[in-house]
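Me: I am new to this structure and would like a short tour. Could we begin with how its helices pack?

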Amino acid sequence: MSSTRAPRNVGIDLLRVFSIVMVVVGHAGSFPNDQLLTVWRMPLFFMLSGFFFTPGRSLTLEFTKRWNTLVIPYLAWSVLISVWVIATLWGQQELIFDHLQSGWVGGSGQSIYWMAAWFITTLAGATMLRRFLERFGTVIPWVVAVAGVIVSYGLTKMVDNGSLEAHALVDTPLRLGLAWPVMFYLLVGEFLRKLLMPLVKKFSSHVLALVGIVLVMMALYATATFDIHAHFIQAGGFGTPILTPLVAIIVTTGFILIFATWVNDVLQKFQVAQAGVSRLVRTGTPVVFLHGVVLVWMYQNGFGDDSLEHFGWRLGTAVVVSFVFSLLINSTSIARLLSGAPREPNIFRKRNAPPS
């Protein structure tokens, strides 16, 4: 008895690459109406992580997987960034020490050289928390996650009115405290996969893609019209209660419908494009670390203006350099160390050629 495996939805893989690019865009600087991006870009990143959550894995296996794919690369990149800080700030011992101490410890005062590192540790913590709560069924994880978001709102309000000096969930080692509220978006991602993927298989791609476009446009229009606040999850901010998370969920739903249908339909026609997306989607971790170093270097070397021209230079350079170097890293024996992924096969080797 033979079974036919459904082809992988490459459009969703490309959406993951898109979400990483949006992380870089958000760090490249401010631009007009940038709240239309910051209202959904980080929730998209975390919801897509939840979208690919595999149920039934043991806590031990989950820890091993996250250790290999997230923690080890985090430590390796922290060593490399430390070397870069020492080399570029040589002679400024006090400044070097401050960057290294805050970079390794994390928390609310983490060095700018580690600007996006919290994504990795927070994602690892949120995934482990989600895995631990899986044994308690469906309701308990949602209650815990929603409680985390509510607590984060409360702490943000206390910081704003001066009752607290720092957000308690942010001001934790490696910002692991943020794993609690961020788990909410992992759960939403799981839910969206169960809700949307059956629809993708059942209904017309054109209809679903158009619905997706309408959802994205409606959510962004509402954001601009009603002055819905953006996310600043790295600082514990989840925006306007209910409305900001709702906008992020609607935008993510729209993007999933667009990429899982129209974009996937196009990619399925070209094997080269599929292979390219497969390689790009494995660059996430090194891009997270590399783009921050590139942006800091550009700010320090004459490209720090708030002008759109300098924003474009910072963005373009950070995207190109980060992805190119990440692709090179993934083609070498250090891929597992710096990417948490297996080494990519040589693209020049013929598919059916025997290994040397």
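Reply: A word on terms comes first: a crossing is left-handed if the near helix is turned anticlockwise from the far one by less than a right angle, and right-handed if clockwise. This is a predicted model, in which local features need pLDDT of at least 70 and side-chain atom pairs count only at pLDDT 80 or more, while totals for chains, interfaces and linings use all residues. Residues are numbered from 1 along each chain as its sequence is written, and side-chain values use heavy atoms, with hydrogens and water left out.

Me: Which handedness does the crossing of H1 and H11 have?

Reply: The crossing of H1 and H11 is left-handed. Their axes, meaning lines fitted to C-alpha atoms over the stretch in contact, come within 9 Å and cross at roughly 40 degrees. H1 is therefore oblique to H11; angles under 35 degrees count as roughly parallel, over 145 as roughly antiparallel, 65 to 115 as roughly perpendicular, and the rest as oblique.

Me: Which residues of H1 and H11 meet?

Reply: From H1, Val-10, Asp-13, Leu-14 and Val-17 meet Gln-274, Val-277 and Leu-280 of H11. Contact here means heavy atoms within 4.5 Å.

Me: Is H1 mostly covered or mostly open?

Reply: H1 is mostly covered, with 13 of its 18 residues buried. Buried means under 20% relative accessible area, exposed over 50%, and partly exposed in between (1.4 Å probe, protein chains only).

Me: What is found at the start of H1, and what just after?

Reply: At the start, a side-chain oxygen of Asn-9 comes to within 3.2 Å of the backbone nitrogen of Gly-11. Just after H1, Gly-29 has a positive phi of about 135 degrees.

Me: Changing topic, is Ser-322 buried or exposed?

Reply: Ser-322, in helix H13, counts as buried because its relative accessibility is 0%. Its side chain reaches the backbone nitrogen of His-291 at 3.2 Å. Among the residues that Ser-322 touches are Val-287, Leu-290 and Val-294.

Technical notes
Helix = DSSP H or I, 4+ residues; strand = E, 2+ residues; numbered from the N terminus. Polar contact = N/O pair within 3.5 Å; in protein donor to acceptor, adjacent residues only side chain to side chain. Axes fitted to C-alpha atoms, helices over the stretch in contact; angles between N-to-C directions. Lists of a residue's contacts leave out its neighbours within four places in sequence.
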